[in-house]
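Me: I'm new to this one and would like to go through it piece by piece. Can you show it to me before we start?

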Amino acid sequence: ARLLVGRLKNININMAEKFGSRGRFILASVGAAVGLGNAFRFPGLCAKYGGGAFLFVYFIALIFLGLPLLNAEIALGRKAGGGAPVAMGKLCRGGRAIGWAAALNSLFTAIIYAGLAGWLVCEGIIIAKICPDPSISKVEAQNYFFGEVLKSRADGVISSISPILLITIAAVWALIFCCLKGGAGSISAAAKITVIAPAALIFVLALRGLCYENAGAALCALFVPDFSALSSPNLWISALGQVFFSLSLAVGIMPAYGAYLPEKTNILTSSLAIAAADACVSVVAAVALFTTLYGCGAQAEIGRSGIITAFTIYPAAIKGLFKSGAACAAFGLLFYLSLSLMAVQSASSMLEAALSPLVKEWGADRKKAALIICCAGFAACAVYATSAGAAIVETGDLFVNFYNVILLCIAECFALKLGGKKIHLCEEINLYAKKLKMGAKFLHFSIGWLCPAVLLCLLVPEVVRLFGGGLNIPPFMAFAFGWGITLAVIFGGIALSSRGRRLSRL
């Protein structure tokens, strides 16, 4: 009887650790890939670097750099049957440390995303409040969140804390726990809402933008290439960086999801579907941003991206979308809540990259481990409800999502070059492929030579800028939320990998 109960438990665990279908895997992977960078960073980069010229470079990088690495990570996860530490450990001696470092970096990224999700929920409540009020101008709407709610300070000093932001951040972490506690099943189920709803509302915003009289000028600004911009090194750096950032490469997510693949899944066609969906959402978001801001007469602000767009430009734009204040309030609330769901899905995927190896390698109870991580995450996230929140997000995002990701991606490419042929990675990608297959020479050239070379070209000028004092960040903040996190990721990865090896021997 005990043996039977044990076998039934193992069956339930295995089912929880597999996506129910190829469609669920794709949907969950799209949820991991599609995030706030698609909604705000991508359109801003399009505006800054010549519209169609940026798109041209982006899609070339997607085909020759992003897709091969995406396929390799998924195939590696399926081959190894585990997350990044297990999968990378199959490649070379230092692979486990690289995998654990990627998992730790994902943990820090998830904290940033959760904080932003709490901000977005709060912004939705603010929009619902100020849109029906005709006494509040567009300029006041632009400055309301950072000025009235966050009371933001650029010097990083904590002088106040927002109770409403603490509440919204706590609600976000509760939702993240619900996504994590059931493993692959709950993540894929949540993705049905956290992916489809935001994409649908971005599509609605794009359709509304196309109804403006000057929508044609907006589309020309977006899609007509300015080829003179191709001479700018920053365009190439930004486009290439966006590919790696947008597809969630080198952060431990895709190997973990690869381990959850259902039987006989075609990795190559699944990867194409993930990349296509990610690019489609980015382009639709760019259409929505360009047409909306042109229609509202705010095209001068169009090159500003990221947090500025989300919390200053869009509130003013949404306030002028509809004649009815109630309609504006309803749309604004739904729009920001949907963006917060997008951030929740991204944060859940990032945390899964850290949670999966804890459960598989260390035998931790999933629900208890998820609860501990979420409680600790909320405690760390409380700093985003303070007056220093904006400066901390800006600093942490630069180091965690740019410097760390590039370093991890370079290390991962070298590990794949050393061990990719040994474990027959290309054969794993093509295992259930039919007519369309991945070329072995193309895969090994892209991952072994092209990606590291391009990433080093991305990293060197940024390091020069960093040490040249071009960041304008207070020293204590640069260490606490920048260099300190980078060092924690590197040495934490080494420490966790050595403990994992000792446990595996036992």
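Me: Which residue forms a salt bridge with Arg366, and how far apart are the closest N and O atoms?

Reply: In this predicted model, Arg366 forms a salt bridge with Glu352, and the closest N and O atoms of the two are 3.0 Å apart. Arg366 lies in helix α17, which covers residues 366-381, while Glu352 lies in helix α16, residues 325-362, so the pair ties together parts that are 14 residues apart in sequence.

Me: Are Arg366 and Glu352 buried or exposed?

Reply: Arg366 has a relative accessibility of 13% and counts as buried, because the cut-off for that word is under 20%. Glu352 is buried as well, with a relative accessibility of 0%.

Me: How many salt bridges does the count come to?

Reply: The count comes to three salt bridges. One of them joins Glu428 to Arg78, with the closest N and O atoms 2.7 Å apart. This pair links distant parts of the chain, since Glu428 is in helix α19 (residues 425-429) and Arg78 is in helix α4 (residues 52-80), 350 residues apart.

Me: And what are the relative accessibility values for Glu428 and Arg78?

Reply: Glu428 has a relative accessible area of 10% and is buried, and Arg78, at 17% relative accessibility, also counts as buried.

Me: What about Arg153, which residue does it form a salt bridge with?

Reply: Arg153 forms a salt bridge with Asp155, and the closest N and O atoms there are 2.8 Å apart. Arg153 is partly exposed, with a relative accessible area of 31%, and Asp155 is likewise partly exposed, at 34% relative accessibility.

Me: Why do such side chains pair up at all?

Reply: As a general point, side chains of opposite charge can pair when their charged atoms come close.

Me: Where are Lys151 and Ser248 found?

Reply: Lys151 is found in the loop between α7 (138-149) and α8 (163-180), and it counts as partly exposed at 44% relative accessibility. Ser248 lies in the loop between α12 (233-246) and α13 (253-259), where it is buried, with a relative accessible area of 5%.

Me: How many residues of α6 are buried?

Reply: Of its 36 residues, 31 are buried, so α6 is largely enclosed by the rest of the structure.

Me: How far apart are Pro452 and Phe414, in sequence and in space?

Reply: They are 38 residues apart in sequence, and from C-alpha to C-alpha Pro452 and Phe414 are 7.7 Å apart in space.

Note on methods. Residues are numbered from 1 along each chain as its sequence is written. This is a predicted model: local features need pLDDT of at least 70, side-chain atom pairs count only at pLDDT 80 or more; totals for chains, interfaces and linings use all residues. Side-chain values use heavy atoms; hydrogens and water are left out. Buried means under 20% relative accessible area, exposed over 50%, partly exposed in between (1.4 Å probe, protein chains only). Helices (H or I, at least four residues) and strands (E, at least two) are DSSP runs, numbered from the N terminus. A salt bridge is a side-chain nitrogen of Lys or Arg within 4 Å of a carboxyl oxygen of Asp or Glu.
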